[in-house]
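Please keep the sequence and the structure in view while reading.

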Amino acid sequence: MKTLIAATATLVALAMPALAQDAAKGEKEFNKCKACHMIASDSETIVKGGKIGPNLYGVIGRTMGSVEDFKYSDGFEAKAEAGEVWTEENLAVYVKDPNDFLGSRSKMTFKLRKGQEDVAAYLATFSE
């Protein structure tokens with residue numbers, strides 16, 4: 001009986017998708033993102049990057065499409081109106097395929113092919 005329980009627990013663990021959350025790896029993967037995004041608080045610039053995309057400081061826990069003075073796509077505006085909030089999990093899904101996540105065209109054309117969970121964990125270190 002113990003063997004059956006152990007085998008079942010192992011199969012369940014193997015069947016579940018691994019949610020890798022390695023902020024150090026995410027920092028390295030974020031190098032692909034900084035062409036368009038920066039990470040800057042009111043008092044310091046943590047990652048100097050582009051200004052094409054919104055500042056990602058404090059993104060986890062923030063309402064989607066809510067950075068002031070940034071022109072979002074219609075899909076993001078709908079998510080903002082619905083009050084949807086960024087989590088590590090939904091951010092990882094978004095960066096994998098932005099258009100699919102929004103159900104409409106996103107301004108972000110880049111798709112992060114690997115390390116999505118790690119990037120989300122890295123960005124979470126700059127959120128409350």
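## Contacts and overall fold

Two residues are said to be in contact when they have heavy atoms within 4.5 Å of each other. On that basis, among contacts in the protein between residues at least 6 apart in sequence, 45% join residues at least 24 apart. The model is a predicted one, and its secondary structure comes to six helices and two strands, which follow one another from the N terminus in the order α-α-β-β-α-α-α-α.

Of the 128 residues in the protein, 36% are buried. The protein exposes about 8,300 Å², and carbon and sulfur atoms supply 55% of that area.

## Confidence

The pLDDT of the protein averages 86, and 84% of the residues score at least 70. Over residues 1-20, however, the pLDDT is below 50, and this stretch has four contacts in the model beyond near neighbours in sequence. Where pLDDT is low, the predicted coordinates should not be read in detail.

## Helices α6 and α4

Helix α6 is largely enclosed by the rest of the structure, because seven of its nine residues are buried. These buried residues are Gln116, Asp118, Val119, Ala120, Ala121, Tyr122 and Leu123, and what covers them includes the helices α2 (23-29) and α4 together with the strands β1 (39-40) and β2 (45-47).

In α4, the buried residues are Asn90, Leu91, Ala92, Tyr94 and Val95. Their cover includes α3, α5 (98-102) and α6, while α4 in turn is among the elements that cover the buried residues of α6.

Val59 and Phe126 are 67 residues apart in sequence, yet their C-alpha atoms are 7.8 Å apart in space.

Lys34, by contrast, is found in the loop between α2 and β1 and has a relative accessible area of 33%, so this residue counts as partly exposed. Leaving aside neighbours within four places in sequence, Lys34 is in contact with Val47, Lys48, Gly49 and Gly50. Lys34 and Lys51 are 17 residues apart in sequence and 9.0 Å apart in space, taken from C-alpha to C-alpha.

## The largest pocket

The largest pocket has a volume of about 510 Å³. It is lined by 30 residues, of which His37, Gly53, Pro54, Tyr94 and Met108 are the closest to its centre. By class, the lining of this pocket has 20 nonpolar, seven polar and three charged residues.

Which helices each supply at least two residues of this lining? They are α4 (88-96) and α6 (116-124), and the largest share, three residues, comes from α4.

Note on methods: Residues numbered from 1 in each chain as written. Predicted model: local features only at pLDDT ≥ 70, side-chain atom pairs only at ≥ 80, totals over all residues. Heavy atoms only, no water. 1 Å grid on protein atoms, 1.4 Å probe; cavity = no way out; pocket = protein on both sides within 12 Å on 5 of 7 lines; lining within 4 Å. Points joined across faces, edges and corners; volume = space filled by probe spheres on them. Helix = DSSP H or I, 4+ residues; strand = E, 2+ residues; numbered from the N terminus. Nonpolar A, V, L, I, M, F, W, Y, C, P; charged D, E, K, R; others polar. Buried < 20%, exposed > 50% of the residue type's maximum accessible area, 1.4 Å probe, protein only. Areas by Shrake-Rupley, 256 points an atom, 1.4 Å probe, with all protein chains shown as cover. pLDDT = per-residue confidence, 0-100.
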